[in-house]
Amino acid sequence: MDISVNTKKMAVIGDPIAHSLSPFLHNNVIDENGFDALYMPFLVKPQELKEFCSAAKTLGFSGFNATMPHKQALLDIVDELDPEAEAYGAVNTVKIHADGRLTGYNTDVRGLLMALKGQGVQLEGARVMVIGAGGVAGAFVKGCGGEKVAKVTVLNRTYEKAAQLCDGLSYGEAMELSADNLAGVADEADIIVNCTSLGMAETGSDFDDISFLDKTNALLCDLIYNPWETKFLAYGRRRGLKTINGMDMLIYQGLIAFEIFMDVNLDYKKEHDRLLPLCRDRLFGK
């Protein structure tokens, strides 16, 4: 590709960052649509975050995505917050304006909601079970309020974190992550979302017992996409349950961020359907 002073520069930052699929995804969209742009990964340690933001402005970047551990720290660095980022308490997308202002966005929740709706999931009136109380879980639970869900139950090993996440939410309930609670909530749930790292490749951790899915008829969503099918999803599939991994969310949140950086409109379905098999091949080979 030809790179000039007019080439729009975008990035993803994190620590670690080598595993990120975002450069592949964004550069594929760039190539497919003929945009004059480039998307690069940067290893940025927590103590280097402010310096990177300053450098990105100086170098004329259009914006950057942020993964762990920067999503909360950026709240205090950007000049302004999009209402979603402010409400969810996390920034994963930063737009750099021509005058140097930094605007923080959160595309994770919209990406996850689009992934669920793309599978025909009816969120209004749904009973949602969330396993884990980390950053994405917290943003998703708050985002569910706008979808008029009936109830969201958050189960976490540390009950206090789940309770803090649900504080002030009329539709939210916190529970300790125990075998009895998992089974009881799962039996009544319409949607179950695993927001933990249990089952993720190379973590060495997984669910000890997935029999809590034995009586549920819920759709299962796992935010993990490597492996493509976790033990959690495989168990549900064998029971005849509908399942969805984290790749749809990754693609949709990335497409939303791309629009923010580039000031363009994309055909989400077309790009998703094209990117899904490409990302899978990128991860696991053809």
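Reply: Start with a cut-off: buried means under 20% relative accessible area, exposed means over 50%, and partly exposed is in between. Keep in mind that this model is predicted.

Me: Why is lysine 71 called buried?

Reply: Its relative accessibility is 12%. The limit for buried is under 20%. Therefore lysine 71 counts as buried. Lysine 71 sits in the loop between strand E3 (63-66) and strand E4 (80-81). Leaving out residues up to four places away in sequence, it touches Ala66, Ala90, Val91, Asn92, Asp108 and Val136.

Me: What makes the pair of lysine 71 and aspartate 108 side chains a polar contact?

Reply: The two side chains come to 2.8 Å. The cut-off for a pair of N or O atoms is within 3.5 Å, with one able to donate a hydrogen and the other to accept it. The contact qualifies.

Me: How many aromatic pairs does the ring rule give?

Reply: Seven. Take phenylalanine 42 and phenylalanine 52: their ring centres are 5.9 Å apart and their planes are at 50°.

Me: What parts does the pair tie together?

Reply: Phenylalanine 42 is in strand E2 (residues 37-43) and phenylalanine 52 is in helix H2 (residues 49-58), so the pair joins parts ten residues apart in sequence. Ring pairs also link Phe42, Phe52, Phe61 and Phe64 into a cluster.

Me: Are phenylalanine 42 and phenylalanine 52 buried or partly exposed?

Reply: Phenylalanine 42 has 30% relative accessibility, so it counts as partly exposed. Phenylalanine 52 has 12%, so it counts as buried.

Conventions
Residues are numbered from 1 along each chain as its sequence is written. This is a predicted model: local features need pLDDT of at least 70, side-chain atom pairs count only at pLDDT 80 or more; totals for chains, interfaces and linings use all residues. Side-chain values use heavy atoms; hydrogens and water are left out. Helices (H or I, at least four residues) and strands (E, at least two) are DSSP runs, numbered from the N terminus. Buried means under 20% relative accessible area, exposed over 50%, partly exposed in between (1.4 Å probe, protein chains only). Contact means heavy atoms within 4.5 Å. Rings of Phe, Tyr and Trp (its six-membered ring) pair if their centres lie within 6.5 Å; planes under 30 degrees apart count as stacked, over 60 as edge-to-face and the rest as tilted.
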